[in-house]
Amino acid sequence: MAKEILLGKKDLKYKIFISKNAISKKNLGPVLKDHNKVLIISDNGVPSGIRNKVQSIAKNFSKVFLVILKKGEKSKSIQNFQKILNFLADNNFDRTDIIIAVGGGVVGDISGYVASSYLRGIQFVQIPTTLLAQVDSSVGGKTAINISAGKNLVGAFYNPKRVLIDISVLNSLPEREYKAGLAEVIKYALIKNKYLFSLLKNNPQKIILMNKNIIEDVIFESIKTKAEIVSKDEKENGIRALLNFGHTFGHAIEAHGKYKKILHGEAVAKGMFIASKISYLEGHISQKYFNIIKDLLNTYKFDLSVSQYQYKDLKPFILRDKKVRSGRLNLVLLGGPSKAIITSSFDSNNLKKSLAN
Ligand SMILES: NC(=O)c1ccc[n+]([C@@H]2O[C@H](COP(=O)([O-])OP(=O)(O)OC[C@H]3O[C@@H](n4cnc5c(N)ncnc54)[C@H](O)[C@@H]3O)[C@@H](O)[C@H]2O)c1
């Protein structure tokens, strides 16, 4: 059954549609009907059938332009940012025109940042086509590009006009990318959503095999959790940090591998394992619950090996975490089933111990 979530404040509220055929004239029409021009931004890894569908619907309402980036993280660059801004200017886009992002988090992030910047802000629609983008990056209004000093260092909080989450686009997604998205789903279950936890625990085969009915529920529950948190703290001044569960260590593992060895979701799975172990060592959760979490991550076949990382090698990256405030590292840990806590009070020996498998 099709589902909807409303997010954002006052006149910046936006609808998120989740269904097996969310890319439709019915869902796109209302946001496109008042715009003369639309720019579709995508990348060459997104199957052309998905893009063509969006394009043929958009043609009913507006003149359609297309920018196709090269697939991959490198495309979230300042060069592409400038290239797209120039493309918009050269084609006389004005504030009444609109951008549609059709792709994974890379396309969504750069498109959103372009939309936030061009003419001080034009409207944009997110059509996320990876599981990670559907449950995470397309929701919550964070946009970004990378610069040589680091990932996502430049960006804006900027809400889309609408988000269309079409489950059918996941059919073509490589298994490894799909699983990377599932890591973020598990995160929502661990930090807040007990019902999602039971869905994951009781239906692993169906979820691994992407049973469409269950996946629709899984995506809905994930976004609902993110929306509940983001709506209380849009600009990440407090509670939104809970969404970073597993990410302090995950980011450190990714950065240590120079972002080449491991996908973000795979690193987050290891990070969640480490953070859960610290939660247990700190006495916040029982050994029994820690083992349940470990079993869940194993059921979804995440590689939880961490002993290859020396604490001293990860430490510099851990200390660059955005949750370091006034020199103190804040950790997102678990305080119980489906409950996350933020704390700067922990024994640093437990950090080291958590890296011994
Ligand atoms: N803004 C946020 O809140 C937020 C949150 C999490 C992650 N991110 C960002 O998201 C990015 C990662 O996103 P991602 O994991 O979606 O990676 P991605 O955008 O690179 O997509 C992964 C690959 O899948 C391909 N692809 C996309 N849709 C497909 C489909 N339906 N079928 C087959 N292939 C498809 C892409 O072409 C790409 O090669 C990172 O840059 C990260 O920083 C942003």
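Modeller: Before we start, a word on terms for this predicted model: axes are lines fitted to C-alpha atoms, and angles between them run from 0 to 180 degrees between N-to-C directions.

Biologist: Good, then what makes α7 roughly antiparallel to α9?

Modeller: The axes of α7 (residues 194–202) and α9 (residues 212–232) cross at roughly 150 degrees and come within 10 Å. Angles over 145 count as roughly antiparallel, so α7 is roughly antiparallel to α9. The crossing of this pair, α7 and α9, is left-handed.

Biologist: Thanks! Why is α11 called largely enclosed by the rest of the structure?

Modeller: A residue is buried if 20 or more other C-beta atoms lie within 10 Å of its own. In α11, 17 of the 18 residues are buried, so the helix is largely enclosed. Helix α11 covers residues 264–281 and reaches 25 Å from its first C-alpha to its last, close to the 26 Å expected. Just after α11, G283 takes a positive phi of about 85 degrees.

Biologist: And how do you know that N349 counts as exposed?

Modeller: The cut-off for exposed is 12 or fewer neighbours. N349 has 10 C-beta neighbours inside 10 Å, so N349 counts as exposed.

Biologist: Lastly, which residues are closest to the ligand?

Modeller: Of the 27 residues surrounding the ligand, the closest are G45, G104, G105, T130 and S137. Helices α4 (105–117) and α5 (131–137) are the elements giving two or more residues to this shell. By class, the shell has 8 nonpolar, 11 polar and 8 charged residues.

Notes: Residues are numbered from 1 along each chain as its sequence is written. This is a predicted model: local features need pLDDT of at least 70, side-chain atom pairs count only at pLDDT 80 or more; totals for chains, interfaces and linings use all residues. Helices (H or I, at least four residues) and strands (E, at least two) are DSSP runs, numbered from the N terminus. The expected span of a helix is 1.5 Å times one less than its number of residues. A residue is near a molecule or strand if its C-beta atom, placed from the backbone, lies within 6 Å of it. Ala, Val, Leu, Ile, Met, Phe, Trp, Tyr, Cys and Pro count as nonpolar, Asp, Glu, Lys and Arg as charged, and the others, Gly among them, as polar. Angles under 35 degrees count as roughly parallel, over 145 as roughly antiparallel, 65 to 115 as roughly perpendicular and the rest as oblique. A crossing is left-handed if the near helix is turned anticlockwise from the far one by less than a right angle, and right-handed if clockwise.
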